[in-house]
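Trainee: Please pick one part of this structure and look at it closely. Then follow the contacts from there to other parts of the chain.

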Amino acid sequence: MSTSPRLGTDTPLPAGVVPPPVVPTGVGIVHLGWGAFHRAHQAVYTEDAMAASGDLRWGILGDVVHTAGKVATLREQGGRYTVLTVGLNPDGSPLEQARVVASVLDVAFQGDETPRLLAAMAAPTTHLVTLTITEKGYCRTGDGHLDLEKVQPDVDALVAELGGADDVAPAATAVGLLVRGLAARFRGDATPITVLSCDNVAHNGAVLRAVVDELLAAAGPVAADLTAWLAAHTTWPSSMVDRITPAVTPQTLDRVEHLLGAHDEAAVSGEPFRQWVVEDSFAGPRPAWELAGAQIVDADGVTAWEEAKLRMLNGTHSLVAYAGRLFGYATMAEAVVSPEIAAHARAYMVDDAMPSVTPPAGADLPAYAESLLERFANPATGHSTRQVSTDGTQKIPFRWGGALRFALDGGRVPDGIAFGLAAWTEFVRRAVRDGVDLGDPAGAPALTAAVAAAGGSVEGVARALLALPGVLPGDAGTHRALADAVVGHATALAAASDTLL
Ligand code: CS2
């Protein structure tokens, strides 16, 4: 139990801890999916942009989708929280820097404050809705369409709200909350607004727009005017976001308390590196994020960076995480340099992912690959294989799908991807066998059924999982040479270890 005072707006900060450079004057951004990544990434860029430009309109109201308790935590601290940056200095000495951030003015749990969130999205002073709702937050089924069953409560609420009702029901999904917020804006003063996805989803702006369109279609003719207004008065830029942000642990909180002399329940830690590439397509004013280091570029520029990052960084991450759990490595840093995994990770990144990517303007992809491997090996983050191994069915299509298609179209079976897929199928087989949580709520029913139907054998499970709809692109799941390569790796992995961390 901590004996230090709680961090708050008037906590004196020791020298060495960076205080908030500015305090926003009001809410200009509603962020859906308020969590650790947003705290360490967009909230920091936004604060730096406010400090650099003097334009202080860009306070953030965060929507908490699942964990109601986060709201009280941040409110008790008057919105203040710490970002602890951890890594190595160029000379190899440890780097540790704490800064207190003030750009998040408040948070609200959509389960009990939906009306407030709708009102904030409708307010003319709000110019952006940003999102980090994770891959599964887009509520897409294996065929890429909106899961209508999941969003039905929001469709019903939208229809009632467009008919003039207020305060109908708590939002069931973040996508539903977004559409209802946009509807409230349309029914209000209808100021144009930008909707900016910040998730690890290829073409995230277009993907979000597509599920929103499907939700509107499900609402029927009553949503026709809203649909027309959205087409004319909203923009949906894509963006690539990057900063390794490990799940918060008690050790992180203890370290922050030691540095601050105050207890901070909302602290996060992250690596020194950060990158944000945003499509220059805004419906209204925005923070001067470019003054904080963000790249504001055209659509092709974002696509190139999205591909490079999703395939090279996240794709390698997934391979290392699954294989890491098979060989008992708890952290990404240990796993990526381990004798069982290092060569496969490099082969995947350099031979499979890199050639499939159109180099972003000014980028040196071989140097990018080396810098990624170095970042992964940063032991200070404590980034865990368990964290990265979650939501496999949701992540694999975006991470391995593009490079896989590129290789197969070129007549080549990509061995790094085959190893990664084998690590995933073995992970799933052992998890189901041992009763270990798959960490993939959207995929778990299909995965568990497929393992059972395959009789639990290494080869049977590998072949069955590859063929699951929505995991691999096109007919790649039934590509014979690919499946044989995956089975070969899965068999070798099963011979090398039989446990699961
Ligand atoms: C990771 C990402 O958890 C994961 O699946 O691959 O969260 C990764 O750390 C970030 O995308 C880095 O920007």
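**A hairpin and its contacts**

Mentor: Strands S3 (residues 81-88) and S4 (residues 94-101) run antiparallel and are joined by eight bridges. Strands (DSSP runs of E, at least two residues) and helices (runs of H or I, at least four) are numbered from the N terminus, and two strands pair if DSSP finds at least two bridges between them. The model is predicted: local features need pLDDT of at least 70 and side-chain atom pairs count only at pLDDT 80 or more, while totals for chains, interfaces and linings use all residues. Residues are numbered from 1 along each chain as its sequence is written, and side-chain values use heavy atoms, with hydrogens and water left out.

S3 and S4 form a hairpin, with five residues between the two strands. Gly 92, in the turn, has a positive phi of about 90°. Across the pairing, Val 86 stands opposite Glu 96 in S4.

Because Glu 96 belongs to strand S4 and Arg 255 to helix H9 (residues 250-260), the pair ties together parts that are 159 residues apart in sequence. Glu 96 counts as partly exposed because its relative accessibility is 36%; Arg 255, at 33%, counts as partly exposed too. The cut-offs here are under 20% relative accessible area for buried, over 50% for exposed, and partly exposed in between, with a 1.4 Å probe and protein chains only.

The structure holds 29 salt bridges. One of them joins the side chains of Arg 180 and Glu 161, at 2.7 Å from N to O. Arg 180 sits in helix H6 (residues 174-187) and Glu 161 in helix H5 (residues 148-162), 19 residues apart, and the pair links distant parts of the chain. Both Arg 180 and Glu 161 are buried.

Glu 271 and Arg 375 also meet through their side chains in a salt bridge, at 2.5 Å from N to O. Glu 271 is in the loop between strand S10 (268-270) and strand S11 (275-279), and Arg 375 is in helix H13 (residues 365-376), so this pair ties together parts 104 residues apart in sequence. Glu 271 is buried at a relative accessible area of 2%, and Arg 375 counts as buried at 12%. Elsewhere, salt bridges that share partners join Glu 426, Arg 429, Arg 430, Arg 433, Asp 434 and Asp 498 into one network.

S9 (residues 239-242) pairs with S11 in the antiparallel sense over four bridges, and Val 278 in S11 is the bridge partner of Ser 239. In a regular strand the side chains alternate between the two faces of the sheet. Both faces of S9 are covered: Ser 239 and Val 241 are buried on one side, Met 240 and Asp 242 on the other.

A cavity is a set of points on a 1 Å grid over the protein atoms alone where a 1.4 Å probe fits but cannot get out; a pocket is an open set with protein on both sides within 12 Å along at least five of seven lines; lining residues have an atom within 4 Å of a point. Grid points are joined across faces, edges and corners, and a volume is the space filled by probe spheres set on the points. The count comes to three cavities of 30 Å³ or more, and the largest cavity has a volume of about 40 Å³. Residues that line the largest cavity include Asp 199, Ser 239, Met 240, Val 241, Glu 306 and Lys 309. S9 and helix H10 (299-326) are the elements that give two or more residues to this lining.

Finally, helix H8 (residues 224-233) has Leu 226, Trp 229 and Leu 230 buried. These buried residues fall within an arc of 105° seen down the axis, so they line one face of the helix; the arc is that of the directions from the helix axis to the C-beta atoms. Asp 225, Ala 231 and Ala 232 are exposed on the other side of H8.

How values were computed: Salt bridge = Lys/Arg side-chain N within 4 Å of Asp/Glu carboxyl O.
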